[in-house]
Amino acid sequence: MKMLHLSVILLTLSGVFTQDSGWRVNYLEPICAVRGFSVSIPCRYAYQSLNPNIQVTQMLWCSMNSNTGGCHNPPYVYNSSSNIKSDFEYVGDNKSDCTLLIHNVQFSYSGEYKFRFITDQTGGKFTGDSGVILQVADLKVSLIRLSGNGTLKQGDSLNLTCDVNCTQSSSQFVWSKNNERLPESGPVLHFPAVTVRDSGNYTCTWRTNRASGSKTISLLVEGEESNPAHGSIWIIVVVTAGVVFIILVILGAVIYYRRFLRERRSVNTKQQKMDDSGIYANV
């Protein structure tokens, strides 16, 4: 036990800390992100010291694309001592969590990242040299025709495919139509025979534990029901025909009623004359 304490003291005085000494930074496997969206880079760090009051005073993240000094010196994509805001946001703490959140990811953000922390202990600095790799790709949604050509028509067969060109074993694909989730899942949405009702905006959402992204494609299937103007014309025709029919029925009823009154008056007049004739004959 005394030898262990002596080793820690010697490492502290020399300012050299290794993972074997209890100072370490742990990253996860390479991370994939979709351009234009956000991604989280999980990270954990630890430090051991004979001083129980040791405090982490500075947290740093660097990109090996721009930092050639092993993250020991600037430039940094994140520096806890700076108030400059950027796409790189530190969502960890000064204890053990060193997670980095990157917003609006771009292709230029691809590459290796390293975390470095500095304590208030003399020589108490450590960099996670193993680093973590960030891959950035575009999310592509494509329409692949399986039958038919030209404008989409009813009965045509097609696939909507969703693709992210980077390695991520835990990827999930979720499809929605006009913002309503569909029961289908997976990178391919199959239409054996499209109908007019299949027209709409289809969105593929790609998702992992640390990143997500979505892309929308429009599908328009032509058919007799696909033109709303035709439907409106038919509605107008039907309504007009109904109104005309009702007017004709009313007019017919009025004419019939008037004819009925005339015939009734005629019968009453004849009956009256016959009655008058009988009266005169008796006299």
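## Aromatic rings, a pocket and a sheet

Trp23, Tyr27, Tyr45, Tyr47, Trp61, Tyr78, Tyr90, Phe115, Phe117 and Phe126 form one aromatic cluster. This is a predicted model, where local features need pLDDT of at least 70, side-chain atom pairs count only at pLDDT 80 or more, and totals for chains, interfaces and linings use all residues. Residues are numbered from 1 along each chain as its sequence is written, and side-chain values use heavy atoms, with hydrogens and water left out.

Student: How many aromatic pairs are there?

Tutor: Take the rings of Phe, Tyr and Trp (its six-membered ring). Two rings pair if their centres lie within 6.5 Å. The count by this rule is 15.

Student: What kind of aromatic pair do Phe115 and Phe117 form?

Tutor: Planes under 30 degrees apart count as stacked, over 60 as edge-to-face and the rest as tilted. Phe115 and Phe117 lie 6.1 Å centre to centre, with 25 degrees between the planes. The pair is stacked.

Student: What kind of pair are Phe117 and Phe126?

Tutor: The ring centres of Phe117 and Phe126 are 6.0 Å apart. Their planes stand at 45 degrees, so the pair is tilted.

Student: Are Phe117 and Phe126 buried or exposed?

Tutor: Buried means under 20% relative accessible area, exposed over 50%, and partly exposed in between (1.4 Å probe, protein chains only). Phe117 and Phe126 are both buried.

Student: Which strand gives the most to the lining of the largest pocket?

Tutor: Strands are DSSP runs (E, at least two residues), numbered from the N terminus. β6 (78–79) and β7 (88–90) each supply at least two lining residues. With 3 residues, the top strand is β7.

Student: What is the bridge partner of Ile41 in β8?

Tutor: β3 and β8 (residues 100–102) run antiparallel and are joined by 3 bridges. In β8, the partner of Ile41 is Leu100.

Methods
Helix = DSSP H or I, 4+ residues; strand = E, 2+ residues; numbered from the N terminus. Pairing = 2+ DSSP bridges.
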